[in-house]
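Please consult the sequence and the structure shown here while reading.

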Amino acid sequence: MSSWEMEFGSKPPAHVDGVLREVVDGQMAAHMSANQRAARAWYRANGTRERKHTAGVFLKRARVQGAAPILGVYVDSHAMATDLGVNKDIYLARLSNVGFEVSGIEFLVSRKPRQASGSIRKEPPVRYELPELTPDELEEVNALVAELPESLRASASQAVALSMRREKLKSTDN
């Protein structure tokens with residue numbers, strides 16, 4: 001039983017971020033195109049693997065008049081198009097679970113490479129030399145890992161020392 005339940009006798013209210021997400025999504029959906037709603041549904045319905053290989057999403061008219069549209073998904077390789085195509089029924093069910101109905105899915109290989117999220121780095125990341133620990137700090141590391149079993153002590157000592165060296169670097173940067 002959580003502290004909230006002990007104090008108030010019921011489960012806590014929904015997280016604010018979930019409530020805000022629902023409200024904002026509802027308002028945004030009213031201003032989205034059909035293709036944008038399709039992309040949102042595709043990304044919501046699927047996991048990291050599908051998101052990673054998706055290069056674009058679009059809707060096209062169904063072959064049968066009056067049927068739901070067909071979802072087109074551009075992916076980054078022929079292997080991925082084949083792999084996802086084998087599981088079309090699973091993806092149709094997932095889309096249905098998030099409230100987006102389509103009559104079919106087509107997986108196509110994109111001619112354009114997938115855009116990486118975030119900015120593209122032109123320079124390699126800057127590498128910093130970590131400062132060495134003083135003898136007093138090394139004693140502190142040894143004291144922290146002294147109670148651990150012998151088999152873990154060396155790796156734990158190394159991890160603690162690296163953590164302390166990183167913190168030392170941060171404090172010297174400020």
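## Overall organisation

The model is predicted, and every value below is computed from it.

The protein chain has 174 residues, of which 24% are buried. Its exposed surface comes to about 13,300 Å², with carbon and sulfur atoms supplying 54% of that area. When contacts between residues at least 6 apart in sequence are considered, 55% of them link residues at least 24 apart.

The 3 strands form an open sheet in the order 1-2-3, and their pairing is mixed. Strand 1 and strand 3 are the edge strands, each pairing on one side only. From one strand to the next, the twist averages 20 degrees. As a general point, strands of a sheet pair through backbone hydrogen bonds, in either a parallel or an antiparallel arrangement.

G72 stands opposite E106 in strand 3. Strand 2 (residues 70–75) is mostly covered, since 5 of its 6 residues are buried.

## Helices against the sheet

Helix 3 lies across strand 1, strand 2 and strand 3, and runs at about 130 degrees to strand 1. Helix 5 lies across strand 2 and strand 3, and its direction makes an angle of about 165 degrees with strand 3.

Helix 3 also packs against helix 6, at an angle of about 105 degrees and with the axes 9 Å apart. An angle from 65 to 115 degrees counts as roughly perpendicular, and helix 3 and helix 6 are therefore roughly perpendicular to each other. A41, W42 and A45 of helix 3 meet Y91, R94 and L95 of helix 6 in this contact.

## The nonpolar core

The largest nonpolar core contains 18 residues, and those touching the most other members are W42, L71, V73, V75, L95, I105 and F107. Two or more residues each are given to this core by helix 3 (34–45), strand 2, helix 5 (78–86), helix 6 (88–97) and strand 3. Helix 3 provides the largest share, 5 residues.

What does L95 touch, if residues up to four places away in sequence are not counted? Its partners are A41, W42, A45, L71, F100, V102 and I105.

V145 belongs to helix 7 (residues 135–145). Is V145 buried or exposed? Its relative accessible area is 3%; the limit for a buried residue is under 20%, and V145 is therefore buried.

Beyond its neighbours within four places in sequence, V145 is in contact with R153, A156, S157 and V160. V160 lies 15 residues from V145 in sequence, and their C-alpha atoms are 8.5 Å apart in space.

Definitions and conventions
Residues are numbered from 1 along each chain as its sequence is written. This is a predicted model: local features need pLDDT of at least 70, side-chain atom pairs count only at pLDDT 80 or more; totals for chains, interfaces and linings use all residues. Side-chain values use heavy atoms; hydrogens and water are left out. Buried means under 20% relative accessible area, exposed over 50%, partly exposed in between (1.4 Å probe, protein chains only). Contact means heavy atoms within 4.5 Å. Accessible areas come from the Shrake-Rupley method with a 1.4 Å probe; for residues, only the protein chains shown count as cover. Helices (H or I, at least four residues) and strands (E, at least two) are DSSP runs, numbered from the N terminus. Two strands pair if DSSP finds at least two bridges between them. A nonpolar core is a set of buried Ala, Val, Leu, Ile, Met, Phe, Trp, Tyr and Cys residues joined through side-chain atoms within 4.5 Å. Axes are lines fitted to C-alpha atoms, for helices over the stretch in contact, and angles run from 0 to 180 degrees between N-to-C directions. Angles under 35 degrees count as roughly parallel, over 145 as roughly antiparallel, 65 to 115 as roughly perpendicular and the rest as oblique.
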